[in-house]
Amino acid sequence: MHACHCPSCRRQSGGVSLSVHCGDSLEVQGPVSTYDSSDWAVRQFCSACGSNLFWRLKAGGMTTVSVQAFEDPSVFDIADEIYIDCKPGNYDLAGDHPRLTGAEVEAMFAAES
């Protein structure tokens with residue numbers, strides 16, 4: 001499970017955004033709408049209820065699914081935190097895992113496209 005602290009994810013989720021990388025071969029039944037959220041990614045949500053579902057790289061190769069879309073989100077452990085430099089000071093996530101700044105993440109995305 002990935003934890004994102006970027007301003008866009010925090011606005012969309014109401015706090016830290018928790019998601020799981022699931023590749024690009026997902027099939028979804030039901031109404032899904034797409035929001036063009038940045039130069040490199042889109043967000044997708046349920047058109048019927050508004051629930052956040054996916055974050056996808058426009059270039060392909062990475063789709064993350066909100067952990068809240070799974071029946072039991074407690075099965076996932078935090079693998080990393082991104083945009084750690086944007087995290088508010090009023091909470092910290094426990095555990096020893098990689099923590100990347102926004103600049104580090106954006107450099108990674110630029111290298112992949």
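1. How many salt bridges does the count come to? The structure is a predicted model, and in it the count comes to three. The pairs are taken up in turn in the next three points.

2. Asp36 and Lys58 form a salt bridge through their side chains, with an N to O distance of 2.5 Å. The two residues are 22 apart in the chain and belong to distant parts of it: Asp36 sits in strand 3, Lys58 in the loop between strand 5 and strand 6. Asp36 has a relative accessible area of 51% and is therefore exposed, the cut-off being over 50%. Lys58, at 43%, is partly exposed.

3. The side chains of Glu81 and Arg99 also meet in a salt bridge, at 3.0 Å from N to O. Glu81 belongs to strand 7 and Arg99 to strand 8, so this pair ties together parts 18 residues apart in sequence. Is Glu81 buried or exposed? Its relative accessibility is 1%, so Glu81 counts as buried. Arg99 is partly exposed, with a relative accessibility of 33%.

4. Lys87 and Asp92 make up another salt bridge, in which the closest N and O atoms are 2.9 Å apart. Lys87 counts as buried at 18% relative accessibility, because the limit for that class is under 20%. Asp92 is exposed, with a relative accessible area of 63%.

5. Glu81 has a further polar partner. The side chain of His97 makes a polar contact of 2.6 Å with the side chain of Glu81. His97 is located in the loop between strand 7 and strand 8, and its relative accessible area of 8% makes it buried. Residues up to four places away in sequence aside, His97 touches Ile78, Ala79, Asp80 and Glu81.

6. Ala94 is in the loop between strand 7 (80-82) and strand 8 (99-100). Is Ala94 buried or exposed? With a relative accessibility of 69%, Ala94 counts as exposed. Its C-alpha atom is 8.8 Å from that of Ile78, a residue 16 places away along the chain.

7. His5 lies in the loop between strand 1 (2-4) and helix 1 (7-13). At 0% relative accessibility, His5 counts as buried. Which side chain is joined to that of His5 by a polar contact of 2.9 Å? The partner is Tyr91. Beyond residues up to four places away in sequence, His5 touches a list of residues including Arg10, Val16, Glu81, Cys86, Lys87 and Leu93.

8. On the fold, eight strands form an open sheet with mixed pairing, in the order 3-4-5-6-2-1-7-8. Strand 3 (32-36) and strand 8 are its edge strands, each pairing on one side only. Strand 2 (residues 17-21) and strand 6 (residues 63-66) run antiparallel and are joined by three bridges. Val20 has Val65 of strand 6 as its bridge partner.

9. The largest nonpolar core has 11 residues: Cys4, Cys6, Cys9, Ala41, Trp55, Leu57, Met62, Ile82, Tyr83, Val105 and Phe109. Strand 5 (52-57) and helix 2 (102-112) each contribute at least two residues to this core. In soluble globular proteins, nonpolar side chains tend to be buried together. Apart from neighbours within four places in sequence, Val105 is in contact with Ile82, Tyr83 and Leu100.

10. How many disulfides does a search of the whole structure find? The search finds zero. Cys9 has its closest cysteine sulfur in Cys4, at 3.6 Å, which is too far for a bond because the cut-off is 2.5 Å. Cys9 counts as buried, at 6% relative accessibility. Cys86 is in no disulfide either, the nearest cysteine sulfur being that of Cys6, 7.1 Å away. Cys86 counts as partly exposed, with a relative accessibility of 24%.

Conventions. Residues are numbered from 1 along each chain as its sequence is written. This is a predicted model: local features need pLDDT of at least 70, side-chain atom pairs count only at pLDDT 80 or more; totals for chains, interfaces and linings use all residues. Side-chain values use heavy atoms; hydrogens and water are left out. Helices (H or I, at least four residues) and strands (E, at least two) are DSSP runs, numbered from the N terminus. Buried means under 20% relative accessible area, exposed over 50%, partly exposed in between (1.4 Å probe, protein chains only). A nonpolar core is a set of buried Ala, Val, Leu, Ile, Met, Phe, Trp, Tyr and Cys residues joined through side-chain atoms within 4.5 Å. Contact means heavy atoms within 4.5 Å. Two strands pair if DSSP finds at least two bridges between them. A salt bridge is a side-chain nitrogen of Lys or Arg within 4 Å of a carboxyl oxygen of Asp or Glu. A polar contact is a pair of N or O atoms within 3.5 Å; within protein, one must be able to donate a hydrogen and the other to accept it, and residues adjacent in sequence count only if both atoms are side-chain atoms.
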